[in-house]
Amino acid sequence: MKWIDIKDKLPKDCENVLVYMPILDSCTVAYLIYSPEKQPIHYAIVDFDEYEQSIDLNDISHWMPLPKLPNKEEK
């Protein structure tokens with residue numbers, strides 16, 4: 001899989017993807033939230049706690065789809 005520049009394409013609404021934040025030189029799993037008018041609002045970090053942490057749109061430069069999950073037989 002290759003990194004996709006956000007200038008070229010954005011992820012689908014609420015699709016979990018790997019995002020790159022150049023200011024931190026770091027990656028995390030997040031999903032993009034769109035408004036009802038289909039405008040991107042912000043990225044939300046995928047986390048298992050009850051508080052949603054958001055990332056400003058300007059803090060992300062690239063993203064890529066997550067790999068497929070392994071088959072149960074491959075464990």
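Lys38 sits in the loop between S3 and S4, where helices (H or I, at least four residues) and strands (E, at least two) are DSSP runs numbered from the N terminus. The model is predicted, so local features need pLDDT of at least 70 and side-chain atom pairs count only at pLDDT 80 or more, while totals for chains, interfaces and linings use all residues. Residues are numbered from 1 along each chain as its sequence is written, and side-chain values use heavy atoms, with hydrogens and water left out.

Although not a glycine, Lys38 has a positive phi of about 70°. The residue is exposed, at 62% relative accessible area; here buried means under 20%, exposed over 50%, and partly exposed in between (1.4 Å probe, protein chains only). Asp25, in the loop between S2 and S3, likewise has a positive phi, near 50°, and is exposed at 59%. Most residues other than glycine have a negative phi.

The hairpin of S3 and S4 has 5 residues between the strands. These strands run antiparallel and are joined by 5 bridges (strands pair if DSSP finds at least two bridges between them), with Tyr34 partnered by Pro40 in S4. S4 also pairs with S5 (residues 54–55) in the antiparallel sense over 2 bridges, and Tyr43 has Ile55 as its bridge partner.

Tyr34, Tyr43 and Ile55 are among the 10 residues of the largest nonpolar core, a set of buried Ala, Val, Leu, Ile, Met, Phe, Trp, Tyr and Cys residues joined through side-chain atoms within 4.5 Å. Strands S2 (17–21) and S3 (26–34) each give two or more residues to this core.
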